[in-house]
Amino acid sequence: MPVRSRCIGSWCNREDSGVTDVLANSREDLIAAARRAMDTAYAPYSGFHVGAALLFDDGAIVTGANFENASYGLSLCAETVAASIASHAGRRGGLVAVAVLGGMGGAVEAAISPCGRCRQVLNELAALGGTDPLVICVGAHETVEMRLSVLLPNAFGPANLA
């Protein structure tokens, strides 16, 4: 069965959507990187493996996988791991897109989206560069795409502290 893509939000049919050439040329690479990252997930408690890949405006892709902990609240989501790795590497701007996928035992079924905490972490990273990245939620039979601002409307961020 072919994968069906759908867009959420008014940006989908606009020329000025902000989807840059770097994304158009890297979409499949970004999804493949997230899939490879998912294979490195440490999820002995939930069995739910997640991979995330962040695309930056220079074409760089940074990945992360979820890392669970016996004290469940200390577990790290794939998107948060990737954002932390990007920050450690000095990447604090230029976030263009995020791909996320996951499933039980690493088998991708339904498209998943970043949890609330990860949406907030991604918002912080995006705000540092003034971007509204595309979030690509990959499933076995459907890919859902939307801007981070659609996933996290009226987000609290650095501008709220000024």
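1. Read along the sequence, the chain runs β-α-β-β-α-β-α-β-β-α, which comes to four helices and six strands, where helices (H or I, at least four residues) and strands (E, at least two) are DSSP runs numbered from the N terminus. This is a predicted model, in which local features need pLDDT of at least 70 and side-chain atom pairs count only at pLDDT 80 or more, while totals for chains, interfaces and linings use all residues. Residues are numbered from 1 along each chain as its sequence is written, and side-chain values use heavy atoms, with hydrogens and water left out.

2. The axes of helix α2 (residues 78-88) and helix α3 (residues 116-129), which are lines fitted to C-alpha atoms over the stretch in contact, come within 9 Å and cross at roughly 25°. Because angles under 35 degrees, taken between N-to-C directions on a scale from 0 to 180 degrees, count as roughly parallel, α2 is roughly parallel to α3.

3. Contact, meaning heavy atoms within 4.5 Å, is made by E79, T80 and A83 of α2 together with R117, C118, V121, L122 and L125 of α3.

4. Which residues of α2 are buried? They are A78, E79, T80, V81, A82, A83 and A86, where buried means under 20% relative accessible area with a 1.4 Å probe, counting protein chains only. Their cover includes β2 (48-56), β3 (61-65), β4 (95-104) and α3.

5. Just after α2, G90 takes a positive phi of about 90°. For the chain as a whole, 44% of the 162 residues count as buried.

Key
Parallel < 35°, antiparallel > 145°, perpendicular 65-115°, else oblique. Buried < 20%, exposed > 50% of the residue type's maximum accessible area, 1.4 Å probe, protein only.
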